Amino acid sequence: MSTDDGIITSEFDDFGRASTGTAVDEHAADDATDEDWEDDEEFSDDDLDDADDLDADLELVVLDMAGTTVVDDGLVERAFERAADAAGIGSTPEEREQALDYVRETMGQSKIAVFRALTDDEDQAQHANALFESAYGELAASEGLRAVPGAEDLIRHLRQLGVKVALTTGFSRPTQDAVLDALGWRDLADLTLSPAEAGRGRPFPDLPLTALLRTGGTSVEGMVVVGDTASDIASGIAAGAGLVVGVLTGAHDEETLTEAGADAVIASIADLAELLGLDDTAGR
């Protein structure tokens, strides 16, 4: 709905959020990213009831990219495998699999932080991260990237309603720009942010809070944070977002997202407008 002064209002809040026990990883302080798919999942009536209980001015929606608004078909894992081979991470098949398991567990977090945790050597970590970014770019160029169905329409719809939209990532700025260019998204959102531009990557609150400041938001309660990983959820909670939403098009499943503290979990970003009660304004 719209108020007389043009502010879009929706009903969301902190849902009486309890402590989730999601820890801020000491290694996650610089950059971050995600992926995968699930279909035909519907958010529950409880999610809708929770949203209906809330009343705050919706000012900003912060959206993750890979796995949330962008389908990358496992390119992150494959790029990591290439980087690990070239950088000498994991000398045995068992060590390599352990490293890959860690990458899966920390999807959404800073990749440089992940490499630091796996190597304990800054030079090797920086080298591995550069190899990762290069490999991801090559895979994306050769195989192509595509948007999660409905993502672009949602972003345009939100902006038409006067809601600011920020696209955030764990990739470096050059890689983020390459993804934006591949999708023709350079001017799609109000703001795009990489971790280095915010201070720290997920699960820290820097990306959402920086987005709020740069878009002129007046309250964290008017911010919605959406992502496909536990780290996305932790970042939104740490930022004090009025609503933190998980999506099932990426790395983590509904149980993981719920346990991380998501206020609601939806099948896809295409379902966000309905969750926020904005569907009745479509096309106006």
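**The sheet and cores of a predicted model**

User: In this predicted model, which residues does Leu63 touch, not counting residues up to four places away in sequence?

Analyst: Contact here means heavy atoms within 4.5 Å. With residues up to four places away in sequence not counted, Leu63 touches Thr69, Ile155, Val165, Ala166, Leu167, Thr168, Val226, Ile269 and Leu272.

User: How many residues has the largest nonpolar core, and how many has the other core that lies apart from it?

Analyst: Nonpolar side chains tend to be buried together in soluble globular proteins. In the largest nonpolar core, the residues with the most contacts inside it are Val61, Leu63, Tyr136, Val226 and Leu272, and the core has 59 residues. Apart from that core lies another, with Leu212, Met223, Ala239 and Ala241 among its 21 residues.

User: Which strands are the edge strands of the open sheet of six strands?

Analyst: The strands of this open sheet pair in parallel, in the order 7-6-3-8-9-10. From one strand to the next, the twist averages 20°. An edge strand pairs on one side only, as do strand 7 (191–193) and strand 10 (264–266).

User: What angle does helix 6 make with strand 6, and what angle does helix 7 make with strand 7?

Analyst: Helix 6 (residues 151–160) lies across strand 3 and strand 6. Helix 7 (residues 173–183) packs on the sheet and touches strand 6 and strand 7. The angle is about 145° for helix 6 with strand 6, and for helix 7 with strand 7 about 135°.

Note on methods:
Residues numbered from 1 in each chain as written. Predicted model: local features only at pLDDT ≥ 70, side-chain atom pairs only at ≥ 80, totals over all residues. Heavy atoms only, no water. Core = buried A, V, L, I, M, F, W, Y, C linked by side-chain atoms within 4.5 Å. Buried < 20%, exposed > 50% of the residue type's maximum accessible area, 1.4 Å probe, protein only. Pairing = 2+ DSSP bridges. Helix = DSSP H or I, 4+ residues; strand = E, 2+ residues; numbered from the N terminus. Axes fitted to C-alpha atoms, helices over the stretch in contact; angles between N-to-C directions.
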